[in-house]
Amino acid sequence: MDIKENRINNFNQMTFCEKRVHPEEKLLRNRGFVLGKKLDSGTFSTVRLAERITSSCNTKMAVKIINRSKALKVFVEKFLPRELQILPSLKHHNIVQVYSIFHLNENTYIFMEFAPNGDITTYVQNNGALSESLAKKWFVQILEALRYCHRKDIAHRDLKCDNILLDSYMNAKLADFGFARHCTDLPTQKQIFSETYCGSMAYVAPEVIIGKPYDPKLSDIWSLGICLYVMVNNAMPFNDKNIKKMLRNQIANKWQFRSNSNLSSNVKELIKSILQPYSIRRPSLRTIAHHPWIIENVHSEHALYRFNKM
């Protein structure tokens with residue numbers, strides 16, 4: 001028995017203790033990937049703990065398993081191919097790294113970096129509104145990740161605190177590119193405006209709700225502003241239970257900070273500047289990076305330096 005095989009057997013016995021192994025899991029084990037407990041699940045996908053076992057080390061991972069037979073036709077034919085094309089091209093320290101993708105029968109397995117500290121939504125729910133220093137750290141990290149995507153002509157289109165994961169060092173990492181797409185038609189080099197409704201209602205920009213063709217990069221910026229609001233308020237700026245009313249409030253700029261929040265004037269001004277109902281009035285990512293709230297201490301100045309070097 002070689003070292004790799006011994007590691008796999010030990011991992012199976014000590015961690016998973018599975019009595020029955022699905023045939024697809026056997027195929028994955030032959031390639032050094034062992035599946036573990038379920039972390040999350042949706043209508044047609046499941047996220048499980050996994051481990052890549054080699055002769056030299058074990059690497060803990062997460063694996064997203066997509067059952068294509070249960071998924072909507074539009075997802076399988078349109079969104080999934082885009083995601084699988086985009087994911088391998090993303091190499092950034094604030095984006096969840098994808099290691100391997102396998103298609104086995106009706107399932108697609110996406111092995112990716114494991115973020116053991118959950119997502120920002122859960123963190124805020126458990127710990128309350130963030131201090132401005134912590135919010136700034138995570139906001140700048142996602143700002144860098146989004147800047148990287150946009151420079152590669154990729155819009156995320158589902159930016160929300162649920163999709164910002166926290167690694168073992170409590171750094172923020174952008175995840176879930178299921179709605180991502182390129183924004184330029186390669187043959188003609190013309191800009192592509194989105195017409196599909198994408199994202200979670202509470203985070204989407206008003207132009208997305210209206211349903212007219214929109215610039216997805218500018219909509220990403222709106223969602224980024226919602227993320228910052230959530231981080232420092234532990235609340236949403238808009239109530240999405242009544243969509244028509246929410247849209248009216250978005251367009252009228254009818255929202256407010258929580259009455260018990262003790263936020264600085266700089267962070268309030270930044271959020272207000274981003275949550276502009278008319279997309280062309282929103283600041284660019286570069287402008288946001290130069291905002292006084294971002295550059296007012298050494299840590300953020302260092303992050304800004306890296307941001308401008310990209």
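This is a predicted model: local features need pLDDT of at least 70, side-chain atom pairs count only at pLDDT 80 or more; totals for chains, interfaces and linings use all residues.
Residues are numbered from 1 along each chain as its sequence is written, and side-chain values use heavy atoms, with hydrogens and water left out. Local features need pLDDT of at least 70, side-chain atom pairs count only at pLDDT 80 or more, and totals for chains, interfaces and linings use all residues.

**Pockets**

Rolling a probe the size of a water molecule over the atoms shows where empty space is left. The search runs on a 1 Å grid over the protein atoms alone. A pocket is an open set of points where a 1.4 Å probe fits, with protein on both sides within 12 Å along at least five of seven lines. Lining residues have an atom within 4 Å of a point. A volume is the space filled by probe spheres set on the points, which are joined across faces, edges and corners.

| Pocket | Volume | Lining | Nearest the centre |
|---|---|---|---|
| Largest pocket | about 1100 Å³ | 40 residues | Asp40, Val47, Lys64, Asn163 and Asp176 |
| Second largest pocket | about 220 Å³ | 16 residues | Thr46, Ile65, Asn67, Asn107 and Tyr109 |

Two or more residues of the largest pocket's lining come from each of strand S1 (33-41), strand S2 (45-53), strand S3 (58-67), helix H3 (73-86), strand S5 (107-113) and H4. H3 gives the most, with four residues. Helices (H or I, at least four residues) and strands (E, at least two) are DSSP runs, numbered from the N terminus. By class, this lining has 22 nonpolar, ten polar and eight charged residues.

For the second largest pocket, the elements giving two or more lining residues are helix H2 (23-30), S2, S3 and S5. Its lining divides into five nonpolar, seven polar and four charged residues. Ala, Val, Leu, Ile, Met, Phe, Trp, Tyr, Cys and Pro count as nonpolar; Asp, Glu, Lys and Arg count as charged; the others, Gly among them, are polar.

**Helix H7**

H7 spans residues 216-233, 18 residues in all. Its end-to-end C-alpha reach is 26 Å, close to the 26 Å expected at 1.5 Å a residue. That expected span is 1.5 Å times one less than the number of residues.

At the start of H7, a side-chain oxygen of Asp215 comes within 3.0 Å of the backbone nitrogen of Lys217. Asn234 follows H7, and its phi is positive, near 55°.

**Gln125**

Gln125 sits in helix H4 (residues 120-127). Gln125 is exposed (over 50%), at 58% relative accessible area. Its C-alpha is separated by 9.8 Å from that of Met231, 106 residues apart along the chain.

Terms used
Buried means under 20% relative accessible area, exposed over 50%, partly exposed in between (1.4 Å probe, protein chains only). A polar contact is a pair of N or O atoms within 3.5 Å; within protein, one must be able to donate a hydrogen and the other to accept it, and residues adjacent in sequence count only if both atoms are side-chain atoms.
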